[in-house]
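Colleague: Please take a close look at the ligand site in this model. I would like the contacts and the surroundings, with cut-offs.

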Amino acid sequence: MDAKTSPGQKDAGRSIAGAVGSPIPHDSGHLHVSGEAIYTDDIPEPREMLHLAVGMSSRPHAKIRNIDLSAVREAPGVVDVISAEDIPGQNNCGPVIADDPIFAPGLVQYVGQSVFAVAAVTVDQARKAAKLAKIEYEDLEPILDPRDAVAKESFVLPSETIKRGDSKAALSAAGNRLKGSLNLGGQDQFYLEGQIATALPAEDGDLYIYSSTQHPGEVQHLAALAIGKQSKDVVVECRRMGGAFGGKESQPALIACIAGLMANKTGRACKLRLDRDDDMTMTGKRHDFVIDYDVGFDDTGRIEGIEFMFASRCGMSADLSGAINDRTMFHCDNAYYLENVTIVSHRCKTHTVSNTAFRGFGGPQGMFGIEYVLDEIARYLGKDPLEVRRRNFYGIGERDITQYQQKIKDNIIEEIVSAVEENADYQARRKDIQAFNDKNEFIKRGIALTPVKFGISFTATHLNQAGALVHIYTDGTVHVNHGGTEMGQGLFTKVAQVVAEELQIDIDRIKITASDTSKVPNASATAASAGSDLNGKAAQAAAATIKKRLIKFAAEHFHVRQSDIEFENNRVRIGKESISFDSLVQRAWFERISLSSTGFYRTPKINYDRTTFSGRPFFYYAYGAAVSEVIIDTLTGENRILRVDILHDCGESLNPAIDMGQIEGGFVQGAGWLTSEELWWNSEGELMTHAPSTYKIPTCSDLPVDFRATMLESASNREETIYRSKAVGEPPLMLALSVFHAIRDAVASVGDEQCRPQLDAPATPESVLRAVTALRAGERSS
Ligand code: MTE
Ligand code: MOS
């Protein structure tokens, strides 16, 4: 254990294995790499299980005139078929408002919407049968992009505005002013394990569901409503997901409801596993945006007034779009103080799949907006973009209140930016790059440094709660359960470390168990990066309750003061004696002391009024900064990341090995979003990029040639979080904004000194080539 020690860790003697702060591997790492980890599809199949397939809409917006399912029913192996009229309960799987039908009830609103489901003996039979339906449509006019939706005022939720100061007056008084429009693409989560659920009928019409979900409680709730029952009648379990990235926050409900409805009707176990193409067609992704800005600034680049319009493609229903677009509005300041600002947010209803959570949850899109604007200002003034960014940073003790009235008390932006600027040798490399670009006509390099400030907590305050359940068995081993879910991010390992630390026992005595709605009820989705903050604290509370009982018991039993009892290194010191943890547990059991406890946590200090968009939505902020250097070929638009330097703030990391995985992985996923992953719909509203053949996620060969990620040292969270750590799941994704701006820097080198290329995201080779060609043709933005 050579990792830095956390404040919670005692420095006495040799510590336990897996203590808080130790870089131990993911608990399932050996199972992931050997293929032995059991995902939902690997659970041994019960007798006579049926396989399901979904019949999907082929039209973006149409009335269903007639459905003829007779050929589906007669196909080989088919056992049953269900559609909207077979739902005994509620035909809805929407998480917030009930606008998401499980099966289209006569009206389809996107290509890929589920219309019916078929159950057959094999997967192939089900999938083949699903294609035999004859559906007659009466086409209606579809709205297929956010601009069109804004023009037609087609929204899934009301538009919102955040306003501070007087942007109108500041804009007209400003010495310089720029206006522009940006197109920012969406992103498919591309989890390796696709959406899946297996539903087992239980006695009396109850259901037991295995679901690959970030939110077992919601799946339980919605599946119960679908079959016309209540939450108590359904149990949902999830040991792990093969990746989720927000794509399994609300989307698994549809899959589980369909499996549950069919299990309920047939009385047989039913499994629905989407193949990749169907998964990408049927389920929601990151929102793409159009962003308009109007900014006024002084000659140093300081913003005096700014107006933003964000319009996002929400698709056909609200899903989580309210909170996602709120987070966009809360993050379009990133690390910068916007004194006079008006932010308008439109939540566009389009006849495309309903978009949903994706790592960053709307935050990245807001941050993209402001970073682009600052880059524009710098190029217009002929200054280094870093200088302009710096000019606008939040201050300490002044210029420190966000547009939603939260005072920033933990600002380390300048500290982290100047450290990475120095480590990466930013200034010298900028000069080298300039010299390189002057000498090379077709190959150009570019560099950019961008910061990250990301608010931690669910903006819906009530979701910031968590529960846990800890049992100690008589042999001194421990069963840990909590409401969080494991999607590869290492949450279960971190929570086990917390319990090991609290009880001072080696981590291999702790069994990490599947998320299960019958053990911990009403848990929030594992999301907003708050998994370890919330569940770590809840599990710590549960362990501490049992520990208190053990201390009380030992004090009475051994006639010592409670303050003379200490747990350390698998033993318990009781006055002058020391006994093993196991033997204390055994004696306590013998004396009928309860060895099981729940634990609960609610995030303190947060409160926020959504009607005025003001208060303290976030407990604290996580920070980071990155310098990226890229090279582009101006004849083809191809680009590569040459070097990346990251400095990221994990507070006192609970597990530096796992956190480093999150930093590197998040960054690469962000780089994919901004460079190669392009979602493309045709004019009929069909997503044409629905497989890895056309949708390009980063591969090993796309990693930066030289990748240097480090964690900020001595970075104790100023708020009292679990062992003063900071959430790390989402924030590093936004470090990849530096890649986009490095590409823009390289593109700009083709034009004259103050040129401002129009580069749309993702900066695919086509997009880069378009920008370069426009510059070469002399079409500079004015
Ligand atoms: N890391 C892996 N390996 N797989 C994932 O699906 N999801 C991300 C992030 N890191 C994800 C991941 C998202 S979107 C979130 S919100 C957080 O993990 C959730 O987990 P946490 O709150 O425990 O960090
Ligand atoms: Mo993460 S997008 O909050 O699931």
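Modeller: The side chain of glutamine 662 places an N or O atom 2.7 Å from a nitrogen atom of ligand 1. That is a polar contact (a pair of N or O atoms within 3.5 Å). The model is predicted: local features need pLDDT of at least 70, side-chain atom pairs count only at pLDDT 80 or more, and totals for chains, interfaces and linings use all residues. Side-chain values use heavy atoms, without hydrogens and water.

Two further contacts go to oxygen. Glycine 531 brings a backbone N or O atom to 2.7 Å from an oxygen atom of ligand 1. For glutamine 489, a side-chain N or O atom is 3.0 Å from an oxygen atom of the ligand. Taken alone, ligand 1 exposes 520 Å², and the protein buries 92% of that. These areas come from the Shrake-Rupley method with a 1.4 Å probe.

Now the shell. There are 19 residues around ligand 1. A residue counts as near if one of its heavy atoms lies within 4 Å. Ala244, Phe245, Met487, Gly531 and Gln662 come nearest. By class, the shell holds seven nonpolar, ten polar and two charged residues. Here Ala, Val, Leu, Ile, Met, Phe, Trp, Tyr, Cys and Pro are nonpolar, Asp, Glu, Lys and Arg are charged, and the others, Gly among them, are polar.

Then the space itself. Ligand 1 takes up the largest pocket. A pocket is an open set of points on a 1 Å grid over the protein atoms alone, where a 1.4 Å probe fits, with protein on both sides within 12 Å along at least five of seven lines. A molecule sits in a pocket if more than half of its atoms lie within 2 Å of the grid points.

One backbone detail from another part: the peptide bond from alanine 761 to proline 762 is cis, with omega near 0°. Glutamate 48, not a glycine, has a positive phi of about 60°.

Definitions and conventions. Residues are numbered from 1 along each chain as its sequence is written. Chains are lettered from A and ligands numbered from 1 in the order in which they are written. A polar contact is a pair of N or O atoms within 3.5 Å; within protein, one must be able to donate a hydrogen and the other to accept it, and residues adjacent in sequence count only if both atoms are side-chain atoms. On a 1 Å grid over the protein atoms alone, a cavity is a set of points where a 1.4 Å probe fits but cannot get out, and a pocket is an open set with protein on both sides within 12 Å along at least five of seven lines; lining residues have an atom within 4 Å of a point.
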